[in-house]
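New notebook page, new structure.

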Amino acid sequence: MALMLVKFDMKKRVKLAQTIWFLYWFAVMAGVLVFSMGLFFKIELRKRSELMDNNESHLLPNVLILMGLIACGVNAFGGKVCYDSLDPSKFIKWKPMLKPFLMFCVGFNGLLFVTALLCFVMRIPLQYTLAEGLKNGMKFYKDTDTPGRCYMKRTLDLMQMEFRCCGNDYYRDWFEIQWVSNRYLDFSAKEVKDRIGSNVDGQYLMDGVPFSCCNPSSPRPCIQGQMTNNTAHYSYDHYTEELNVWKRGCREAMVSYYGGLMNTIGALVLLVTMLEIAVTIGLQYINSSLSSLVNPEDPESESEGWILEKTVGETFTDIMANMKAMSKGGKVEEAEAGVATVS
């Protein structure tokens, strides 16, 4: 008994072919959308690649680009087959390759679904790669004269202003590293000597943050230095007063941005997957209905279409039997080859 059996006449077959043809070209545009989303996501990641601890973050956009290109090719071919199915004399040339093509489509739909899941799951490793990348980037903030690191200050400043954040997890992260270059320190000054001497690593640490941490919406001029010294500023108490720097850490801000982007892309890829499944089922109905014509020489005769020629259980049993037969055939060939070698 075939799965989801449907009876067709000439009018129904033509209407089905026209509908699936339209959906296939709509699916081509969906493939272009997936490709575009992957390209956009890759560009967004590359903008801040210096703050990423590894290159695994580019796996997802690369997969999206590849899946988008494959979707365009597969759907263009499927659209051509649907168009030719309106003329049985043209359709007959596609018939030998339709079964492998449909099997490929099923596998491709599965990969699309996995890609959508990957969009939702990649948020977790992104948190770790950003945590390490931002931590290292902040250490190199002062190295404006070091080759390979001279743009790190600009990258971090632009990021903190764009995402309205400060530090890795909190603005106090800047207190724990030397972010001012030695070339801008007066080593003859007592304050500089005291700060460097009080640190075991000989770093110049201070309770201040870069200017890019300042919140321009604050009515008070930005206090970015001596932030924990109440006497250094008039009418100021860092324990109770609302500080005029961004309090959200940049890791949280960037994970929120990229995570939201990946969730949106994942939802769109799921919709594309549903569309791909629909056109694959439609093409199977077209193929099966044309293959089961009561009178193959009369295109107007009635026919039956199905998703599977047998039930799911019977189809699974046949697949397992074929796999066992192939396995036994391989063993027989190996045994015959062994006997031939011995003789």
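How many salt bridges does a search of the whole structure find? I get 10 salt bridges, taking one as a side-chain nitrogen of Lys or Arg within 4 Å of a carboxyl oxygen of Asp or Glu.

Before going on, I note that this is a predicted model, where local features need pLDDT of at least 70, side-chain atom pairs count only at pLDDT 80 or more, and totals for chains, interfaces and linings use all residues. Residues are numbered from 1 along each chain as its sequence is written, and side-chain values use heavy atoms, with hydrogens and water left out.

I looked up Lys47 and found its side chain in a salt bridge with Glu44 (2.9 Å, N to O). Both sit in helix H1, three residues apart, about one helical turn; helices here are DSSP runs of H or I, at least four residues, numbered from the N terminus.

Next I checked Arg48, which pairs with Glu162, also at 2.9 Å, N to O. This pair links distant parts of the chain, 114 residues apart: Arg48 is in the loop between H1 and helix H2 (59-84), Glu162 in helix H6 (residues 152-163). Arg48 is buried at 6% relative accessibility, while Glu162 is exposed at 52% (buried is under 20% relative accessible area, exposed over 50%, partly exposed in between, with a 1.4 Å probe and protein chains only). I also see Glu44, Lys47, Arg48 and Glu162 linked in a network of salt bridges.

Last, I looked at Asp84, whose salt-bridge partner is Lys80, closest N and O atoms 3.6 Å apart. Asp84 is buried at 2%; Lys80 is partly exposed at 38%.

Notes:
Helices (H or I, at least four residues) and strands (E, at least two) are DSSP runs, numbered from the N terminus.
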